[in-house]
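Please find below some notes for a colleague who is coming to this structure for the first time. They are set out as numbered points.

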Amino acid sequence: VSGTSHIEHAPVVNFWWSGAVGRYAYQDGPSGRYLASDMCGSPANVSSPLRYRDVGYIHSVVLDGLPFDTIVHYTYGQASVLNANNSFKTAPDPSASRDLHWNFIGYGDQGVSGAVEDGELGSHTPGAYFVNSNVRRMVLGWEPEGAKQDPGAPPAGSLGDTRFVLHFGDLAYAWSVGFIWELWQTEAAPVATRVPYMVSVGNHEYDHVTGGEKDPSNAPGTGFHPSWGNYGDDSSGECGVPV
């Protein structure tokens, strides 16, 4: 379970399932953080309202000892300040059958919609609104009241037994604009708090042309620039640090 806060205080997760006594899990190790100076190049390494914004501390707590194929409820936070109840379903038992079937969703290229309450969509990547809406419909079986309708939307709950979501790159299209990452996490949260949500880097999170010594992947030179691609400074200097 991962999240951010403005203080370094170690987070806690309270979790339980039917018939089990509630238990607590704590972070093992220090919280993460990244600064403007950690980025590979400009404009990502510029501190300003438009560019780098301090996201605070990044926390991660591992829940272990979970039973297979069970709905687990949890709250997380710091000290006595915990968020509202969330839940997820654990992985199926591999010993129960040699022929296991389950659903997962994999996709790439999203961005943020920046949608507001009156339904107006932002201009950054407005199509992200329908991606978010359709994923919520498939996984959770609901979407916000008054949401814009996609004529080709899948049936609500059509992948209700989704066990995880894999988002393989080009996540927010932040291009070094810090608050875009905040918007993306907010729009992903309804699904990411209910099923395991794994991301990987795409060229728009990673590719850079300077500052290779700061590349968190430790790739030599200036990273991934194959001869068959036209990749340049696609991350605007972020080089995968926020991811």
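1. In this predicted model, the second largest cavity is lined by Tyr107, Gln110, Asn132, Val135, Arg136, Glu187, Ala188, Val191 and Tyr197, and the space within the cavity comes to about 60 Å³. Helix H1 (128-140) and helix H2 each contribute at least two residues to this lining, which by class divides into five nonpolar, two polar and two charged residues.

2. The largest cavity has a volume of about 70 Å³, and its lining includes Tyr34, Met39, Arg51, Arg53, Trp181 and Glu238. Seven nonpolar, two polar and three charged residues make up the lining of this largest cavity.

3. The largest pocket has a volume of about 1,400 Å³; of the 41 residues that line it, Val1, Ser2, Gly3, Ala192 and Tyr197 are the closest to its centre. Tyr197 is also one of the residues lining the second largest cavity.

4. Several elements supply at least two residues each to the lining of the largest pocket, among them strand S1 (2-5), strand S5 (71-78), strand S9 (162-168) and strand S10 (197-200), while the largest share, eight residues, comes from H2. By class, this pocket lining holds 28 nonpolar, nine polar and four charged residues.

Technical notes:
Residues are numbered from 1 along each chain as its sequence is written. This is a predicted model: local features need pLDDT of at least 70, side-chain atom pairs count only at pLDDT 80 or more; totals for chains, interfaces and linings use all residues. Side-chain values use heavy atoms; hydrogens and water are left out. On a 1 Å grid over the protein atoms alone, a cavity is a set of points where a 1.4 Å probe fits but cannot get out, and a pocket is an open set with protein on both sides within 12 Å along at least five of seven lines; lining residues have an atom within 4 Å of a point. Grid points are joined across faces, edges and corners, and a volume is the space filled by probe spheres set on the points. Helices (H or I, at least four residues) and strands (E, at least two) are DSSP runs, numbered from the N terminus. Ala, Val, Leu, Ile, Met, Phe, Trp, Tyr, Cys and Pro count as nonpolar, Asp, Glu, Lys and Arg as charged, and the others, Gly among them, as polar.
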